[in-house]
Amino acid sequence: MNAGTKFRPLWQIVRGWRGGGVRTRLRRYLHTVAMFRLQGSKVLAVDMTGDAVKAKNGSMVAYDGQMAFKKLTGGGEGLRGMVTRRLTGEQMTVMEVRGQGTCWFADRASEINLVRLQGEKLFVESSNLLATDGGLRTGTTFTGLRGASQGNGLFTTTVEGHGQAAILSDGPAVVLRVAPQYPLIVDPGAYVAHQGNVRQSFQSGVTFRTLLGEGGGEAFQIRFEGDGLVYVQPSERNTIAGDV
Amino acid sequence: MTLREINSKMVEATVVPGQRLFSQRGAMLAYKGEVSFTPNIQGGQGGLMSMIGRRVAGEATPLMTVEGSGTVFFGHGGHHVQVINLSGDTLYVEADRLLAFEGTLQQGTMFMGSQGGVMGMVRGQVTGQGLFTTTLKGHGAVAVMAHGGVFEVPITPQRPVHVDPQAYVAHHGDVRNKLSTALGWRDMVGRGSGEAFQLELSGNGAVYVQASEEKL
Amino acid sequence: MSGYGTAGPVVHDPMSLPVDDNVNSYTFCVELKGSQWFLQKGKMIAYYGTIEFNGVGHGRLDRLVRTSFHSPLHASDWVVAEGSGKMLLADRAFDVNSYDLDDGNLTIRSGNLLAFQPSLALKQSIVPGFLTLIGTGKFVAASNGPVVFMEPPIRVDPQALVGWADCPSPCHHYDHGYMTGVMGGLRAMTGLGGASGEEHQFEFVGAGTVLLQSTETLMAEQATGVVPHEPGVPGGAGVSGSHGPQAGAPRLPGQLGDLQRRFGL
């Protein structure tokens with residue numbers, strides 16, 4: 001399931017990199033060397049050499065070496081981010097972990113999915129963001145109706161830049177591609193994150209109805225169109241949107 | 001091997017006459033053959049002292065003795081199960097995380113205070129297990145439960161390991177424990193809360209940590 | 001996503017998703033080509049294509065429901081998916097598996113059944129809380145941890161039982177040694193600690209297969225519908241007469257409630 005989770009020393013990575021554009025990326029990684037790797041599927045191990053990562057508050061389960069922790073208010077976006085968060089009501093308490101050694105993160109036995117970003121933007125429910133490395137910036141964006149249907153507020157966390165992020169899901173996330181030829185419909189409760197150039201719309205009242213008019217009522221789904229990836233978890237949070 | 005993981009949440013135990021097994025009561029999922037399950041008041045061996053020890057320790061996790069001839073399947077609460085094989089050393093584990101273990105292992109309760117001094121006493125409070133931890137010593141297999149599975153972190157003299165007490169499952173080897181707090185951690189989680197501390201383990205051995213900050 | 005040879009996550013599209021098979025241990029992909037599937041409500045997490053979901057009881061589905069759905073009283077928990085495309089099914093990150101029946105039968109705990117093809121007939125089992133699928137076709141079921149298949153004779157903790165296939169005979173087994181000892185007496189008197197002890201199991205003998213899960217976090221029990229109030233029908237509320245539907249004591253998971261009482265416990 002997590003075929004690509006083995007930790008590889010840097011020199012192997014260097015050797016494996018032959019393609020164009022590799023050198024620039026490599027140079028950057030030698031600066032921010034925090035290496036994200038999965039230990040099993042529910043624990044994130046981060047190897048640090050003096051640099052820092054941002055992680056969900058309190059998600060550290062163990063470390064060796066020396067680590068220092070710092071609480072970041074408002075997701076580390078300074079005063080403006082703080083105000084935004086105050087306004088949006090999005091509760092994301094984040095800590096900065098800096099040190100030398102390995103730090104292990106986990107959150108209530110949730111499954112962890114590694115995402116590598118190369119300039120694109122990742123949209124993720126704030127409660128599903130476990131950690132981001134130093135190359136990534138986080139912010140908040142208005143997502144409209146989907147958020148409302150989940151009771152998560154109308155705002156979602158955005159992650160952009162070049163680097164690795166670890167996102168949480170209840171059960172391993174399935175990554176589904178959206179292309180112009182094939183839009184994707186997702187249950188709001190199973191949605192975790194998406195990236196790329198994707199439009200989302202809210203499909204209401206699909207076709208769930210019974211003759212007797214009993215049960216469920218209306219079911220709502222999110223429709224994704226465009227070009228990108230959607231992360232879906234094999235589980236459904238409770239939504240007020242009803243269900244199919 | 002008497003205890004065998006057949007998947008992430010279930011272990012299979014082979015029971016043969018003359019070799020008994022202890023397990024948490026209610027953790028049997030199924031069995032084949034002629035096997036009896038007897039509730040165990042004093043928690044295995046150790047007689048009266050051990051019983052009092054347990055009473056004092058509040059480690060009243062009810063155990064049962066499993067005897068006979070056949071195959072028994074154990075699992076509990078949908079928790080992940082890990083089999084740890086001991087060859088002569090001592091495993092320190094909280095009693096309610098014990099799913100099953102071989103009768104060949106010597107069971108005891110340890111006063112954590114005796115190891116870590118005052119800090120050790122605090123530790124018991126932190127982990128919510130009172131001041132006592134179960135010890136299993138000798139040769140045999142132990143099946144331990146954890147929320148979301150465990151991973152093993154080696155402890156070497158050069159590299160002490162710090163563990164969130166909520167995520168601590170068990171440890172073995174020649175290991176000293178004390179409470180410490182990382183720079184900035186207390187400011188973050190709030191002073192005075194048990195979470196402000198980490199369990200620092202140093203020496204030679206290994207600690208098992210679960211993928212969750214939730215106690216069982 | 002390809003990263004550094006350490007491949008990133010597998011990205012699926014409508015072509016690469018499996019046909020009527022698992023995507024991973026927790027997600028199952030069903031392909032619809034103008035065909036239909038019965039789904040438990042709330043188990044579809046995503047789909048490609050054009051798929052319509054209608055509540056069972058929707059007029060147009062009358063015929064279908066009449067031939068494959070024989071548990072009318074919990075019809076509101078089920079929907080029929082039809083159309084063409086691929087849809088993903090999952091249930092609270094429990095393990096999911098599909099089972100093929102070839103002119104066979106399998107009885108399953110009602111909460112564990114997620115979806116089935118209409119070529120199978122769904123009926124209530126005589127054992128309360130269980131459903132029986134009969135015929136030829138595929139169904140999808142969830143379990144807490146992977147399902148372990150065992151052959152009778154075997155005794156199973158009620159909570160660990162997912163179901164059974166073919167016809168091993170399920171019956172109750174009481175361990176009297178356990179019940180009669182000093183502790184047993186104490187337990188019987190105080191009622192303490194008896195809920196998930198090992199004094200009571202389901203025993204299976206005969207030819208067939210028994211399906212086990214690691215449990216105690218049971219799937220939410222799904223109503224299987226009320227059986228007719230007739231003498232001789234287990235679970236028929238009519239039998240227990242004056243007792244009524246045991247109001248006070250909460251039924252413990254995996255227990256058979258009044259049945260157990262009637263068997264002398």
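Five bridges join strand β12 of chain C, residues 161-166, to strand β15 of that chain, residues 208-212, and the two run antiparallel. One of the positions to look at here is G163(C), which stands opposite L211(C) in β15(C). Please keep in mind throughout that this is a predicted model, and I will come back to the confidence values once the geometry has been described.

On β12(C) there is a further partner to consider, namely β6(C), which pairs with β12(C) in the antiparallel sense over three bridges. Within that pairing, L106(C) has A165(C) in β12(C) as its bridge partner.

Let me stay on β6(C), which spans residues 95-109, and move along to I108(C), which lies in that strand. Is I108(C) buried or exposed? I108(C) counts as buried, because 24 C-beta neighbours fall inside 10 Å, and the cut-off for that class is 20 or more. If we set aside residues up to four places away in sequence, I108(C) touches L113(C), F130(C), L131(C), L133(C), A141(C), V162(C) and G163(C). Two of these contacts, V162(C) and G163(C), bring us back to β12(C), which covers residues 161-166. As for A141(C), 33 residues separate this alanine from I108(C) in sequence, while the C-alpha to C-alpha distance between the two is 8.5 Å.

For chain C as a whole, the model has four helices and 15 strands, and 45% of its 265 residues count as buried. Of the contacts in chain C between residues at least 6 apart in sequence, 75% join residues at least 24 apart.

Now to a residue of chain A that reaches across to chain C. S235(A) sits in the segment after β13 of chain A, a strand that runs over 221-232. Why does S235(A) count as buried? The reason is that 22 other C-beta atoms lie within 10 Å of S235(A), where 20 or more are required. Which residues does S235(A) touch, once those up to four places away in sequence are left out? In chain A they are D170(A), G171(A) and A190(A), and in chain C they are A90(C), R92(C) and A93(C). With G171(A), the separation is 64 residues in sequence and 7.0 Å in space, C-alpha to C-alpha.

The next topic is the nonpolar core. The largest one in the model has 173 residues, and the members that touch the most others are V232(A), V144(B), V209(B), L89(C) and L212(C). Taking V209(B) from that list, and leaving aside its neighbours within four places in sequence, we find V209(B) in contact with V61(A), A62(A) and W104(A) on chain A, and, on chain B, with V150(B), F151(B), V153(B), V163(B), A167(B), Y168(B) and V169(B).

Chain B, to which V209(B) belongs, has three helices and 13 strands. Buried residues make up 48% of its 216 residues, and, of the contacts in chain B with a separation of 6 or more, 80% are between residues 24 or more positions apart.

Finally, confidence. The model scores ipTM 0.80 and pTM 0.79. In chain B the average pLDDT is 78, and 74% of the residues score at least 70. Among the elements of that chain, the lowest mean pLDDT, 44, belongs to helix α2, residues 113-126, and the highest, 95, to strand β2, residues 10-15. Residues 113-131 of chain B have pLDDT below 50, although the model gives this stretch 40 contacts beyond near neighbours in sequence.

Chain A averages a pLDDT of 74, with 63% of the residues at 70 or above. Its lowest confidence is in helix α1, residues 10-16, at a mean of 34, and its highest is in strand β10, residues 174-178, at 96. Over residues 239-244 of chain A the pLDDT is below 50, and the model has 29 contacts for that stretch beyond near neighbours in sequence.

Chain C averages 75, and 63% of its residues score at least 70. Across residues 182-196 of chain C the pLDDT stays under 50, with 16 contacts beyond four places in sequence, and the pLDDT is again below 50 over residues 237-265, a stretch with 24 contacts beyond near neighbours. Where pLDDT is low, predicted coordinates should not be read in detail.

Technical notes: Residues are numbered from 1 along each chain as its sequence is written. Chains are lettered from A and ligands numbered from 1 in the order in which they are written. This is a predicted model: local features need pLDDT of at least 70, side-chain atom pairs count only at pLDDT 80 or more; totals for chains, interfaces and linings use all residues. A nonpolar core is a set of buried Ala, Val, Leu, Ile, Met, Phe, Trp, Tyr and Cys residues joined through C-beta atoms within 7 Å. A residue is buried if 20 or more other C-beta atoms lie within 10 Å of its own, exposed if 12 or fewer, and partly exposed in between; C-beta atoms are placed from the backbone. Two residues are in contact if their C-beta atoms, placed from the backbone, lie within 7 Å. pLDDT is the predictor's confidence in each residue, from 0 to 100. Two strands pair if DSSP finds at least two bridges between them.
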